Amino acid sequence: MRLELKHIKGGALEQEYSCSLMEFPDLIEIAEDGGPKFSEPLVFHLRFQRSGQFVEVDVRLDAVVDLQCGRCLQRFERSLSESFALTFVPQLKQCETEDEVELEADELGLIPYEDEILELQEALQEQLLMAVPISPLCKTSCQGLCPVCGTNLNAEKCDCVRKPFNNKFVVLDKIDFKKS
Ligand SMILES: [Zn+2]
Ligand SMILES: [Zn+2]
């Protein structure tokens, strides 16, 4: 989960990085709370490009994540394919380091590195968290659960009378429109 700058020979390096969920404590915590759970191993395709002190990393992530449907609450798997870029810049020397400068680097999406070592773990974890769909559906036509009896309406029907969320049409039904 870290790379020494000296390994980027000739200015570029391509690497495939395969790791377990153990490397990402935040992801484990979320999965334990019933949230999205990434399948193992997580595979990253990394392409490092060095230009002087700056290192740009193009990352492609192919992953399978186990999610809970926001409507019917069933678990389902979805493949994710994400591409993003990280830019590493050298950490300023101690005497020059001011909160203001650090904040600026962070806002620009720049990741400071120290001692010629690029630490990827935190940045990758952040990207993984952002890649997770916020309110996923098992399928766009998911019927969800009956709000009255809780039956999964994708699998079976029930006889409950369900009030429509938007009853504008119910009101309109009662008006006696004249037919022209
Ligand atoms: Zn569903
Ligand atoms: Zn029902």
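Modeller: The discussion below treats the overall fold, then strand pairing, then some backbone details. This is a predicted model, in which local features need pLDDT of at least 70, side-chain atom pairs count only at pLDDT 80 or more, and totals for chains, interfaces and linings use all residues. Residues are numbered from 1 along each chain as its sequence is written, while chains are lettered from A and ligands numbered from 1 in the order in which they are written.

Biologist: Which pattern does the chain follow along the sequence?

Modeller: Helices (H or I, at least four residues) and strands (E, at least two) are DSSP runs, numbered from the N terminus. Here the chain has four helices and eight strands, in the order β-β-α-β-β-β-β-α-β-β-α-α.

Biologist: What share of the residues counts as buried?

Modeller: A residue is buried if 20 or more other C-beta atoms lie within 10 Å of its own, exposed if 12 or fewer, and partly exposed in between, with C-beta atoms placed from the backbone. Of the 180 residues in this chain, 12% are buried. Contacts give another view: two residues are in contact if their C-beta atoms, placed from the backbone, lie within 7 Å. Among contacts between residues at least 6 apart in sequence, 56% join residues at least 24 apart.

Biologist: How many bridges join β4 to β5?

Modeller: Two strands pair if DSSP finds at least two bridges between them. Strand β4 (residues 42–51) runs antiparallel to β5, and nine bridges join the two. Within this pairing, phenylalanine 44 stands opposite leucine 61 of β5. The two strands form a hairpin with two residues between them, and glycine 52 in the turn has a positive phi of about 65 degrees.

Biologist: Which residue of β5 is the bridge partner of lysine 37?

Modeller: That partner is aspartate 66. The pairing joins β3 (residues 37–38) to β5 (residues 54–68) by two bridges, again in the antiparallel sense. Strand β5 also pairs with β6 (residues 75–90), antiparallel and over 14 bridges. There, glutamine 68 is bridged to arginine 75 of β6. The hairpin of β5 and β6 has six residues between the strands, and leucine 73 in this hairpin takes a positive phi near 65 degrees.

Biologist: Why does aspartate 115 count as exposed?

Modeller: Aspartate 115 is exposed because 8 other C-beta atoms lie within 10 Å. Glutamate 116, with 11 such neighbours inside 10 Å, is likewise exposed.

Biologist: Which residues does serine 18 touch, leaving aside those up to four places away in sequence?

Modeller: Serine 18, in strand β2 (residues 12–19), touches Pro41 and Val43. Its C-alpha atom is separated by 8.8 Å from that of glutamate 40, 22 residues apart along the chain. Serine 18 counts as exposed, because it has 9 C-beta neighbours inside 10 Å.
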